[in-house]
Amino acid sequence: MPNTTLFAVTGLTPQIVTETLYALHKQKDEMPARIHILTTAEGRQRAKLTLINDGWLKRFYQDYDLPMPPFDESDIHLLQRDSGEPLLDIRSREDNQAMADGITEWIRQLTADPNRELHVSIAGGRKTMGFYAGYALSLYGRSQDRLSHVLVSPDYESHPQFYYPTPQSQIIYGNDPTRKPLDTQHAEVVLADIAFVRLRHGLDPALLEGKTSFSRAVANAQQKLGPPELTIDFKQRTLSAHGAAIKLKPVELAFYLWLLNRQAHNMPPVTCPSDGVPDMEYMFEYLKSYRQIAGELGLSDRTLKTLEEGMSKAFFEQRKSGVNSRLKEALGVNAKPYLIAAVGKRPRTGYWIPLEVGQIHYQES
């Protein structure tokens, strides 16, 4: 059965962990089986002193008679620079990049387990920490994952002595010049779920399986999910789509190029030759595209012999199927705009590549 992990970026406010737990309990939601905190060096020290051992986390579970999940100092994780030096705070561009990469890597790891439901809280830390945590979950999150923020009554929000509404009366004093008395029993804490777009399906498998930076993951998602762009490299005999270079057999690449050449000249979609009636016009057009790929001396005797009476139905279907299979294998769900697609109804079904002329580029050298 899936188990829930609460992942919180806390900064200098470790109380957002107990506030989130209280809100989950109040809403009768599933309580997390594990808790992970990611924070700076100062934030880690505060979380250690206030949450672990006989701290506020244990008190919360005791106050509401709930089983406490395992939680100790090893679950309070420290943001670090590439050198391994701990982040004391987020003060520079380098600190910001290290924070983004650290949050991204933790969320990548936590979403790698299909049996885990990840609940990410962005209630704590600097605003940029919450932003990166939410964005990283958008990149790596799955259907079972959740993003939330906790809303606390203004008098109690970020109060150093307030960790959750207690079941019994407990008096603290306002964290302002008035120092008015406040009863923690009367505080209001609400969990606000945040909808987010899940982009995981568009990422390269390598980014799901190995450590990466935030900027690289974003660039990859942008490339994968942006408008389709196709490049034909004649020298390398490849086509590039969504950042992937795809190697096709010369006979297949020439077939694909033939269709693109027809589209560039506003010619209608091709129809599959009838069985036993090879198409001579298609054969001449195809050979012209083949020479673009292989040169005048690149035509194999086998290909010439296969086409000597025209392009047959078998040749047409084998090339179409071969190209589409390789595109699907290389691009997965991103292959659709590049596939050789059917248009129209039988018996006059045509075939074309659903790209605009401006989306197709040619590289000669």
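This is a predicted model: local features need pLDDT of at least 70, side-chain atom pairs count only at pLDDT 80 or more; totals for chains, interfaces and linings use all residues.

Reader: Where is Arg-237 found, and what is its phi?

Author: Helices (H or I, at least four residues) and strands (E, at least two) are DSSP runs, numbered from the N terminus. Arg-237 is in the loop between S9 and S10, and its phi is near 55°, a positive value in a residue other than glycine. Asn-53 also has a positive phi, about 60°; it lies in the loop between helix H2 (41–51) and helix H3 (56–63). At 65% relative accessibility, Asn-53 counts as exposed.

Reader: And how do I read a sheet? What is the strand order in the open sheet of four strands?

Author: Strands of a sheet pair through backbone hydrogen bonds, either parallel or antiparallel. Here, two strands pair if DSSP finds at least two bridges between them. The order is S11-S10-S9-S15, with mixed pairing. Strand S11 (244–247) and strand S15 (360–363) stand at the edges with a single partner strand each, so one side of each has no neighbour in the sheet. Direction ignored, neighbouring strands are turned by 25° against each other on average.

Reader: How many bridges join S10 to S11?

Author: Four, and strand S10 (residues 238–241) runs antiparallel to S11. Ala-241, for instance, has Ala-244 in S11 as its bridge partner. For the parallel sense, look at strand S1 (residues 3–9) and S4, which pair over six bridges; Asn-3 has Arg-116 as its bridge partner in S4. Five of the six residues of strand S4 (residues 116–121) are buried, so this strand is largely enclosed by the rest of the structure.

Reader: Now helix packing. At what angle do the axes of H8 and H11 cross?

Author: Axes are lines fitted to C-alpha atoms, for helices over the stretch in contact, and angles run from 0 to 180 degrees between N-to-C directions. Under 35 degrees counts as roughly parallel, over 145 as roughly antiparallel, 65 to 115 as roughly perpendicular and the rest as oblique. The axes of helix H8 (residues 250–264) and helix H11 (residues 313–331) come within 9 Å and cross at roughly 95°, and the two helices are therefore roughly perpendicular. Contact means heavy atoms within 4.5 Å; among the residues making it are Phe-255 and Trp-258 of H8 and Phe-316 and Arg-319 of H11.

Reader: Is H8 mostly covered or left open?

Author: Mostly covered, with 13 of its 15 residues buried. Just after H8, Asn-266 takes a positive phi of about 55°.

Reader: And which residues does Lys-328 touch?

Author: Lys-328, found in helix H11, touches Ala-335 and Leu-339, not counting residues up to four places away in sequence. Lys-328 is partly exposed, with a relative accessible area of 48%.

Notes: Residues are numbered from 1 along each chain as its sequence is written. Side-chain values use heavy atoms; hydrogens and water are left out. Buried means under 20% relative accessible area, exposed over 50%, partly exposed in between (1.4 Å probe, protein chains only).
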